[in-house]
Amino acid sequence: MNVEMEERTPRPEKIVVVGLGYIGLPTAAALAVGGHVVVGVDLNEATVESVARGQVPFVEPDLQETLAQAISLGRLTTSTTIPPADVYILAVPTPYLEDHTADLSYVEAASRQVAAACRGGELVILESTCPPGATQFVADVFSETRPDLAVNNENSSSAMQFVHCPERVLPGRIMIEIKTNARIIGGLTTSAAERAKRIYESFCSGPIRLTDAKTAEMAKLVENSFRDVNIAFANELSLICETLKINVWELIELANQHPRVNILQPGPGVGGHCIAVDPWFIVASDPINSNLIRTAREVNDRKPAFVVQQLMNAVEEKAVPVVAILGLAFKANIDDLRESPAVEILRRALDVVPGIEFYVAEPHISTLPHDLVNEGRVELVETAVALDKSNIVVALVDHDEFQMISTDDLSGKTLIDSKGIFNNLVPAV
Ligand code: SAJ
């Protein structure tokens, strides 16, 4: 046998992944295909049942196939309770509270449940995005819940070990990036980080760098803040360009021809559960020195109000205004409406422009959220129907389907194009 291959092949471990969402489920499936015996745990019975049947409860390219492979290999099962294991991966949500500090209640609850199942010597990997100090917090919860277990003792094989290994995958490209992205593992001890590295090597071909837990926690937040600040720059440019009557997309394209300039794209605001959230964890950790990061958040959070104002202006100019909304997801080609600026814009518009019908085209969902249905003025329709019925078109998401719209489809309508999708319109053939 090839000695090098033998050394690279990890020893199979029994791994429990807590949380079967956008990160936990792909990680559980990748670990199972990578050779480990995995139990995916979620509180939600419907999720657990659906995953056990091989059904992915959300849209993510290629995940279905990897899940089917993991199940057919007999290496991925599901449960609503936490069984004993060698390794635990926590992939639970970390939203923020009203004061923008992190809500670690899901992390704490999962830690207590895992601690109850431990026998000593297990490795706990925190994947959820967290503020600096959260991995130490998890270790402290373990010490409190299980004072009988040793924690973080490099010299004891029965000591509990803790690391942070932040997820870095982009929704829509998760199954590619989970294998190829570089990973950072921050350990409370060096041996914990080295042990976690051997686990990730089973499915990750990207470089794996080891550091301390706090640096790993901060690295994740910094990555998303970098993107948020850059998008805020683009969004601020979009406001300035509106005043100066300049096409912001052409402006950015031209500026980006410079070899050291790379401005991101403006939009209706920044959505999702990561970039719109994580920078606040840095601000909460050091409010005095984080002015730029806070301002970027505020610039991006103000963008939906600007789009609503554009809509109000357009409505005033029409005798009988009828509005088409193109897109509700938080970004292109996904079905995820969480923290979506498009949803926020529609909700605000319903308040400020009473009595008007809204035809929503969102090709990635089959039903509207309840509160929008209850309004009675919002209808989910095909893109062609929304365009046909309306005289004001508000483009909020750059889904591929909307790129097929032609100049003829939009003739005579007022356009509010927050994503620049009508820049390269072609006549119908
Ligand atoms: N957006 C813009 N302009 C752009 C790019 C994005 O307005 O030029 C908007 C999108 O429309 C969306 C939001 O920003 O509303 C976020 O989208 P995104 O594609 O930038 O990022 P996410 O939230 O889907 O995923 C990010 C990624 N982080 C980075 O690229 C640094 C991903 O790698 C992380 O794993 C993920 O956050 C996470 O889970 O933290």
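Me: Is Asn333 buried, partly exposed or exposed?
Reply: In this predicted model, asparagine 333 is partly exposed, because its relative accessible area is 32%, which falls between the limits of 20% and 50%.

Me: Where is asparagine 333 found?
Reply: Asparagine 333 sits in the loop that runs between strand E9 (323-326) and helix H13 (341-352). Its phi is positive, about 60 degrees, although the residue is not a glycine.

Me: And what is phi for histidine 100?
Reply: Histidine 100 has a phi near 75 degrees, which is again a positive value in a residue other than glycine. This histidine belongs to the loop between strand E4 (87-90) and helix H5 (105-117). With a relative accessibility of 24%, histidine 100 counts as partly exposed.

Me: On to the ligand. How many residues surround it, and which are the closest?
Reply: The ligand is surrounded by 20 residues, and the closest are Glu167, Val169, Lys220, Arg227 and Gln265.

Me: What is the make-up of that shell by class?
Reply: The shell around the ligand holds nine nonpolar, eight charged and three polar residues. Helix H9 (residues 213-244) supplies the largest share of the shell, namely five residues.

Me: Which atom of lysine 220 lies 2.5 Å from an oxygen atom of the ligand?
Reply: It is a polar side-chain atom of lysine 220. Lysine 331 also places a polar side-chain atom by a ligand oxygen, at 2.8 Å. For glycine 271, a backbone N or O atom lies 2.8 Å from an oxygen atom of the ligand.

Me: How much of the ligand does the protein bury?
Reply: The protein buries 89% of the 760 Å² that the ligand exposes when taken alone.

Me: Changing topic: how many salt bridges are there?
Reply: The count comes to 14 salt bridges. One of them joins arginine 183 to glutamate 127, with the closest N and O atoms 3.2 Å apart.

Me: Which parts of the chain does that pair link?
Reply: Arginine 183 is in strand E7 (residues 183-187), while glutamate 127 is in the loop between strand E5 (123-126) and helix H6 (134-145); the two are distant parts of the chain, 56 residues apart.

Me: Are arginine 183 and glutamate 127 buried or exposed?
Reply: Arginine 183 is buried, with a relative accessible area of 4%. Glutamate 127 counts as buried too, at 1% relative accessibility.

Me: What does glutamate 223 pair with?
Reply: The side chain of glutamate 223 meets that of arginine 168 in a salt bridge, 2.5 Å from N to O. Glutamate 223 is partly exposed at 27% relative accessibility, and arginine 168 is partly exposed at 25%.

Me: Which residues are linked in a network of salt bridges?
Reply: Glu108, Arg112 and Glu144 are linked in such a network.

Me: Which residues make the nonpolar surface patch of about 330 Å²?
Reply: The patch is made by Ile240, Leu244, Ile246 and Leu251. Leucine 251 is in helix H10 (residues 248-255) and, at 33% relative accessibility, counts as partly exposed.

Me: Last one: how far apart are tyrosine 200 and alanine 30?
Reply: They are 170 residues apart in sequence and 9.6 Å apart in space, C-alpha to C-alpha. Tyrosine 200 lies in helix H8 (residues 190-200) and counts as buried, at 0% relative accessibility.

Notes: Residues numbered from 1 in each chain as written. Predicted model: local features only at pLDDT ≥ 70, side-chain atom pairs only at ≥ 80, totals over all residues. Heavy atoms only, no water. Patch = residues over 30% accessible without salt bridge, like charges linked within 9 Å, V, L, I, M, F, W, Y side chains within 5 Å. Areas by Shrake-Rupley, 256 points an atom, 1.4 Å probe, with all protein chains shown as cover. Salt bridge = Lys/Arg side-chain N within 4 Å of Asp/Glu carboxyl O. Helix = DSSP H or I, 4+ residues; strand = E, 2+ residues; numbered from the N terminus. Buried < 20%, exposed > 50% of the residue type's maximum accessible area, 1.4 Å probe, protein only. Near = heavy atom within 4 Å. Polar contact = N/O pair within 3.5 Å; in protein donor to acceptor, adjacent residues only side chain to side chain. Nonpolar A, V, L, I, M, F, W, Y, C, P; charged D, E, K, R; others polar.
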